[in-house]
Amino acid sequence: MRPALFRSSLILCLALALGACGFHLRGAVELPYQSLYIALPQNSVLGADLRRLIRANQPQLLVEDPKTAGAVFRQLSSNRERIIAAMNTQGRAREYQLRLRYAFRIEDAKGAPLGPVNEILLAREVTYDDNQVLSKDQEENFLWQDMERDLAQQILRRLAVVQPLPGKTETD
């Protein structure tokens with residue numbers, strides 16, 4: 001009887017401590033637009049992820065024509081970098097840093113910016129071994145995919161809090 005009571009007490013204490021620290025699961029992200037057009041190709045991984053995330057919470061928000069949209073998501077730049085982070089004693093790369101730098105902005109249907117340019121920088125570390133080239137290439141590809149998914153979620157959170165430029169509204 002005592003181990004079960006101890007286990008129950010421990011679970012209760014952990015639940016109370018977790019609740020007291022302010023932790024809560026991320027809820028659904030509500031975007032402050034009447035309608036939104038994603039100006040990314042249909043076959044782009046990022047575009048598909050963004051559309052899927054938005055449709056999960058606000059299916060009526062996305063439109064297929066930028067002229068009818070109150071806001072347009074526009075990619076300004078997307079750069080991938082692979083930088084040597086550490087070298088071994090023979091002068092060969094032992095660790096790389098993968099960087100994904102992405103810039104975007106929200107515009108109205110006429111192309112005027114509704115908010116400031118947003119830039120997101122994601123970085124991941126990956127070790128490298130000349131004896132495991134194939135597996136390390138696969139690991140790097142998985143990290144790039146993970147960064148793309150993370151980027152879509154970060155963009156969505158930024159879209160939810162982006163403040164219009166002074167004097168600009170979605171209906172201007």
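This is a predicted model: local features need pLDDT of at least 70, side-chain atom pairs count only at pLDDT 80 or more; totals for chains, interfaces and linings use all residues.

Residues are numbered from 1 along each chain as its sequence is written, and side-chain values use heavy atoms, with hydrogens and water left out.

The structure holds 11 salt bridges, each being a side-chain nitrogen of Lys or Arg within 4 Å of a carboxyl oxygen of Asp or Glu. One of them joins Glu107 to Arg74, with the closest N and O atoms 2.8 Å apart. Because Glu107 belongs to strand E3 (residues 93-107) and Arg74 to strand E2 (residues 71-87), the pair ties together parts that are 33 residues apart in sequence. Helices (H or I, at least four residues) and strands (E, at least two) are DSSP runs, numbered from the N terminus.

Glu107 is buried, at 3% relative accessibility, whereas Arg74 is partly exposed at 32%. Here buried means under 20% relative accessible area, exposed over 50%, and partly exposed in between (1.4 Å probe, protein chains only). Glu107 also forms a salt bridge with Arg105, the closest N and O atoms being 2.9 Å apart. Arg105 counts as partly exposed, at 21%.

Next, Arg80 and Glu148 form a salt bridge, 3.2 Å from N to O. This pair links distant parts of the chain, with Arg80 in strand E2 and Glu148 in helix H3 (residues 133-161), 68 residues apart. Glu148 is buried at 15%, and Arg80 is partly exposed at 47%.
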